[in-house]
Amino acid sequence: MKIVTDSEYTYILFGKEAVDLYNVSLKLLLSSTSYVEYKVGAYNDVKRFMQEQKNWDVFVEIPENDYLYLKKHAFKSPLLDPTLTRSRSKRRFSILDIFKS
């Protein structure tokens, strides 16, 4: 019997589309993260996991290194980082902008 300590975590990926893409390839999921809603979590408490699992339709257990990679990538995602979005003043000039006024 394996003794589980508080420092041992189970890493979970939530979201049906994300799980489908992850099953094909981690690179495919990372290239689609701006269009796919997902969440990654580290759990060592069953109660906390069960509460979070109610919010998602599908989940899968993932290795720790994939969890760290996805978590790091999520913070760099354009949807989550407003500094990476283009403002109107930095956008390239378009002739159509003249007609929008």
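## Salt bridges

K16 and D20 form a salt bridge in which the closest N and O atoms are 3.3 Å apart. The model is a predicted one. Both residues belong to helix α1 (residues 16–24), and because they are 4 residues apart there, about one helical turn separates them. K16 is partly exposed, at 42% relative accessibility. D20 is likewise classed as partly exposed, with a value of 39%.

The count of salt bridges comes to 2. Side chains of opposite charge can pair when their charged atoms come close. K39 and E52 also meet in a salt bridge, with an N to O distance of 3.1 Å. K39 sits in strand β2 and E52 in helix α3 (residues 46–53), so this pair ties together parts of the chain that are 13 residues apart in sequence. The relative accessible area of K39 is 31%, which makes K39 partly exposed. E52 has 16% relative accessibility; the value is under 20%, so E52 counts as buried.

## Surroundings of E52

The side chains of E52 and K39 are also joined by a polar contact of 3.1 Å. When residues up to four places away in sequence are not counted, E52 touches F14, K39 and Y43. Two of these contacts, F14 and Y43, are also members of a cluster linked by ring pairs.

## Aromatic pairs

A pair of aromatic rings is described by the distance of the centres and the angle of the planes. The model has 7 aromatic pairs. In one of them, the ring centres of F14 and Y43 are 6.1 Å apart and the planes stand at 90 degrees, so the arrangement is edge-to-face. F14 lies in strand β1 (residues 10–14) and Y43 in strand β2 (residues 39–43); the two residues are 29 apart, and their pairing links distant parts of the chain. F14 is buried, at 0% relative accessibility. Y43 is buried as well, with a relative accessible area of 7%.

Y43 also pairs with F49: the centres are 5.7 Å apart and the planes are at 70 degrees, so this pair too is edge-to-face. Like Y43, F49 is buried. Ring pairs join F14, Y43, F49, W56 and F59 into a cluster.

## Faces of helix α1

Which residues of α1 are buried? They are A18, V19, L21 and Y22. Viewed down the axis of α1, these buried residues fall within an arc of 165 degrees, so they line one face of the helix.

The face of α1 turned away from this buried side carries E17, N23 and V24, which are exposed.

## V46 in helix α3

V46 has its place in helix α3, the helix that also holds E52. Is V46 buried or exposed? Its relative accessibility is 62%, so V46 counts as exposed, whereas E52 is buried at 16%. V46 and T10 are 36 residues apart in sequence, and the distance between them in space is 9.9 Å, C-alpha to C-alpha.

Notes. Residues numbered from 1 in each chain as written. Predicted model: local features only at pLDDT ≥ 70, side-chain atom pairs only at ≥ 80, totals over all residues. Heavy atoms only, no water. Phe/Tyr/Trp six-rings, centres within 6.5 Å; stacked < 30°, edge-to-face > 60°. Buried < 20%, exposed > 50% of the residue type's maximum accessible area, 1.4 Å probe, protein only. Salt bridge = Lys/Arg side-chain N within 4 Å of Asp/Glu carboxyl O. Arc of directions from axis to C-beta. Polar contact = N/O pair within 3.5 Å; in protein donor to acceptor, adjacent residues only side chain to side chain. Contact = heavy atoms within 4.5 Å.
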